[in-house]
Amino acid sequence: MKIIPSDQVIRVFGACDPVEMVQDGEEFWVECRDCYDGQIKSTKDRRSQMDTTRLMPCTGPIAVDGAMPGNSLRIEVLAIEPSDRGFMPLKPGLGILGTQVTEETTYVVPIDIQRRTIRLGRFSIPLKPLIGAIGTAPRKPVPTSVPGDHGGNLDTREIQEGATVCLPVFVPGGLLAVGDLHAAQGDGELCGQGVETSGRVKLRVHVSPEPLLRPRVETQENWITIASAPTLQEALSIAAADMVEFIRRTYQVGFDEAYRLLSIAGNGGISQVVNALVTAKVALPRNLAR
Ligand code: CA
Ligand code: ZN
């Protein structure tokens, strides 16, 4: 099985030639650096000392044979294997309560792979690894730190093992890149980071003829539309409109019925509120039609 090594990274989606090509239906591993590019190694390392041009390395880009603009990629997340250490460097201004952070501190987070737990002081948190950044090449280059219609820095909790990430294809081959693994992260990513870690992910990718405007994630339980915008209100409106459109197409119903279904069975939510654009989501259970 192919392994895409993490010596091949991008920091801008849509600005680089592919480093590898995979076939429709192929399984492969992608090795990922952490979002700080390994610059945090101990509690002595500070966020403000980092070279910020190195942040958010994403491995790739990977061309998918046969993917053409107007198609989409269906990327099955078969496995996420984080390393045994994660990093959480705080500094004043970071996250939604940044004004309350008075000094820079770095926490190195032990990740117990066997017990599937993360240790934070007295607290034991379940290990639930997710992919923070996964995207295709947009029409115009976008830094890997910014989420958008191509995916990118979505920091969406549901992008875990077992999920399928559907992304639009804007250029031949799609040009997929992946990075920013989190050993755990809640909705919102409120302090500005998850348990940032390196590791590797096993993916299987398919080319789909379905045209897509923006990312959709499919879990065992839900379809989830995802949108990023300057404000939560805007992002949620876009994700809601995408879900209504998806309901109409999937179930062949009119707008009013889809809109009512959205309201009574769909759940609006927050992916992250800490990146250059914020990301909202709408989840709809998959098993409603009888
Ligand atoms: Ca991120
Ligand atoms: Zn991250």
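## Starting with R11

At 27% relative accessibility, R11 counts as partly exposed (buried means under 20% relative accessible area, exposed over 50%, and partly exposed in between, with a 1.4 Å probe and protein chains only). Strands here are DSSP runs (E, at least two residues), as are helices (H or I, at least four), numbered from the N terminus.

D37 also meets R33 in a salt bridge, at 2.9 Å from N to O. R33 is partly exposed, with a relative accessible area of 23%.

## A note on the model

This is a predicted model, where local features need pLDDT of at least 70 and side-chain atom pairs count only at pLDDT 80 or more, while totals for chains, interfaces and linings use all residues. Residues are numbered from 1 along each chain as its sequence is written, chains are lettered from A and ligands numbered from 1 in the order written, and side-chain values use heavy atoms, leaving out hydrogens and water.

## More charged pairs

Side chains of opposite charge can pair when their charged atoms come close. Searching the whole structure turns up 19 salt bridges. One of them joins E20 and K2, at 3.9 Å from N to O. E20 is in strand β4 (residues 20-22) and K2 in strand β1 (residues 2-4), so the pair links parts 18 residues apart in sequence.

## Where two domains meet

The domain assignment, which is automatic or from a database, gives domain 1 (2-39 + 50-83 + 130-218) and domain 2 (222-285). The contact (heavy atoms within 4.5 Å) takes 24 residues from domain 1 and 21 residues from domain 2.

How many salt bridges does the rule find across the interface of domain 1 and domain 2? The count there is four. Elsewhere on the list of charged pairs, K281 forms a salt bridge with D187, their closest N and O atoms being 2.7 Å apart.

Terms used
Salt bridge = Lys/Arg side-chain N within 4 Å of Asp/Glu carboxyl O.
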